[in-house]
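Have it open while you read, and skip to whichever point you care about.

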Amino acid sequence: HVLLNDLLVMFRLPARNKGLRWEIVMADGLPRYVSTDDGKLRQILINLLGNAVKFTEQGAVVLRARASSEMNTWRLAMEVEDTGPGLSASELARLFQSFAQTRIGIQKGGTGLGLALSRQYARAMGGDIVVSSQSGTGSVFQLTLPVEIGDSSAMVAITHRRVIGLRSGQETQRILIVGDRTDHRLFLRRLLESVGFAVREEIDGTAALNTCSDWRPHLIIINFSLLVMNGHEVTRLIRTQSSGQDCRIVVLVEEGQDAVTMSDVDGYLRNPITDEELLVVIGEQLGLSYEYSVDEPVVLQPSVPDLPNAAMMARIPPEVRAEMREAIARVHELEMRRLIERLPADQITVANALRHSHDCFDWDALEALLKHPVDQEQ
C-alpha cells in the first residue's frame, strides 16, 4: 500500500499538467504487505506508468491492483490502462524487443529499453507482462507476479526526514538545470532554491555550454530528452571545456539505463523523480550535508483531515489569505507550503486541511477552501 501511495503522488503532477485523470484502484482484499523484490516491482510500475502518461494526450491513466490465491500460491496482478493512441498489430509484435520503438515512441523520444527491461525483470521474478491494445483505443499492460503474503512484524519502522536546508558552514553550490520541459525545470528550480542552492536554467545544449563557461556550476542536471542537442553530445562538449573538468554531471533519463555507461556522466536518475531522490544524489556528488526537519513517521494510509468551518477560516489574516491565493494562481507549491507552515499552532485544523490538499497537488481544493463562504459574509 505504501508503494501504491508513492506512485499516486509521483505521477499526480505529470498527469495534472496534461489534464489527465489519474487514479489507483485497489481491489477488496488486496494484502497490505507482500514479500517480493521491491526495487524491481517499483521500477516496472514506474516504466509502465511513465509510458502511459507520456503517450496519453487526453482521457485517463488508471492503475488497478488485485491479488488472488490458488493452492496456497498468491499472485499479484497490476494493470496499467490508458486512453492513449494504442498500438497496431505490427507494433505489438515487436513491442518488448530492446531498442524497438513505436511510431509514437519515436516522436516522443526515448531509448526503447524500458518495456524490454520491465519484462526481463518480471520474468526473472517468476511473472510476466502482457499487453492488449488496438490502434486508436488505448492500451492495457498487465503485470502478474507470484508473491508471498508479508507480515507487519517483519516490517522495519521507518521515519521520513524532510530536507529543510544546507548545513551551515558550507559553500553555496551553483547548479545548472538543462532541459526543454518547462514544468521539469520549474519543479527542480523551486526545490533546489528552497534548500539553498544557487540555480540557473537553460532550455538547450548550446545555451548550457555558454552558461557553463561563464558561471562555472558545481553540478549540472541534464534531461537527456533534449531536442536541439541530445544529452550525450552536451555532456561530451561540456567535458572539453576547462569549466567542465571538475563539474559533476547528473542526467535524467526517461527509460532504460544506457546513460549509466557514459564515462562523461557522474550519476543518473530516471524520471519521474522525487525530491528526496534528487537531493540524495546531489549530496553524494558534492559531498554536502543537509539540515533535516524533526523525524516524521510515515503514514501508511493518510486520513483525510477534518474540513475547517467558516469561523476557523475567518481567523486566517486577510493578507495571508491573499498571498495564498496568489501562490495558487501561480501554482507556486513552495510558497504555498511556507505560508501554511506560518499559520499559528492554534489553527491546526486549517493548516492540516490546507497541507493535505497541497501535498496531494489538489489546487482546486485549496482554492475552494480559501473561497470559503466567510468571504461573502464579510
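1. Ground rules. This is a predicted model, so local features need pLDDT of at least 70 and side-chain atom pairs count only at pLDDT 80 or more, while totals for chains, interfaces and linings use all residues. Residues are numbered from 1 along each chain as its sequence is written, and side-chain values use heavy atoms, with hydrogens and water left out.

2. The chain overall. I get 15 helices and 15 strands in the protein chain; these are DSSP runs numbered from the N terminus, H or I of at least four residues for helices and E of at least two for strands. Of the 378 residues, 44% are buried. Buried here means under 20% relative accessible area, exposed over 50%, and partly exposed in between, with a 1.4 Å probe and protein chains only. Among contacts (heavy atoms within 4.5 Å) between residues at least 6 apart in sequence, 67% join residues at least 24 apart.

3. Helix H2. Running over residues 38-55, H2 has 18 residues and spans 26 Å from first C-alpha to last, close to the expected 26 Å. That expectation is 1.5 Å times one less than the number of residues. H2 is mostly covered, with 13 of its 18 residues buried. At its start, look for a side-chain oxygen of Asp 37 within 3.1 Å of the backbone nitrogen of Lys 40. For polar contacts the rule is a pair of N or O atoms within 3.5 Å; within protein, one must be able to donate a hydrogen and the other to accept it, and residues adjacent in sequence count only if both atoms are side-chain atoms.

4. Helix H7 and what comes after. The buried residues of H7 are Gly 205, Ala 208, Leu 209, Thr 211, Cys 212 and Trp 215. A side-chain oxygen of Asp 204 comes to within 3.2 Å of the backbone nitrogen of Thr 206 at the start of H7. After H7 comes Arg 216, with a positive phi near 55°, and this is a residue other than glycine. Arg 216 sits in the loop between H7 (205-215) and S11, and counts as partly exposed because its relative accessibility is 42%.

5. Helix H9. H9 covers residues 275-286: twelve residues reaching 16 Å between its first and last C-alpha, close to the 16 Å expected. Its buried residues are Leu 278, Leu 279, Val 281, Ile 282, Gly 283, Gln 285 and Leu 286. Here too a positive phi follows the helix, near 65°, at Gly 287.

6. A cavity is a set of points, on a 1 Å grid over the protein atoms alone, where a 1.4 Å probe fits but cannot get out, and lining residues have an atom within 4 Å of a point. Grid points are joined across faces, edges and corners, and a volume is the space filled by probe spheres set on the points. The second largest cavity holds about 40 Å³. Strand S9 (174-178), helix H6 (182-195) and strand S11 (219-223) each supply at least two lining residues, and H6 gives the most, with three. The lining includes His 184, Arg 185 and Asn 223. By class, the lining has five nonpolar residues, three polar and one charged. Ala, Val, Leu, Ile, Met, Phe, Trp, Tyr, Cys and Pro count as nonpolar, Asp, Glu, Lys and Arg as charged, and the others, Gly among them, as polar.

7. Arg 119. This residue is in helix H5 (residues 114-124). Leaving aside neighbours within four places in sequence, Arg 119 is in contact with Phe 96, Asp 128, Ile 129 and Val 130. A polar atom of the Arg 119 side chain lies 2.8 Å from the backbone oxygen of Ile 129; C-alpha to C-alpha, the two residues are 5.7 Å apart.

8. Two loop residues. Is Gln 347 buried or exposed? Gln 347 counts as buried because its relative accessible area is 5%. It lies in the loop between helix H12 (333-341) and helix H13 (348-359). Beyond neighbours within four places in sequence, Gln 347 contacts Met 312, Arg 315 and Ile 316. Gly 19, in the loop between helix H1 (2-17) and strand S1 (21-26), is exposed, at 61%.

Notes: 1 Å grid on protein atoms, 1.4 Å probe; cavity = no way out; pocket = protein on both sides within 12 Å on 5 of 7 lines; lining within 4 Å.
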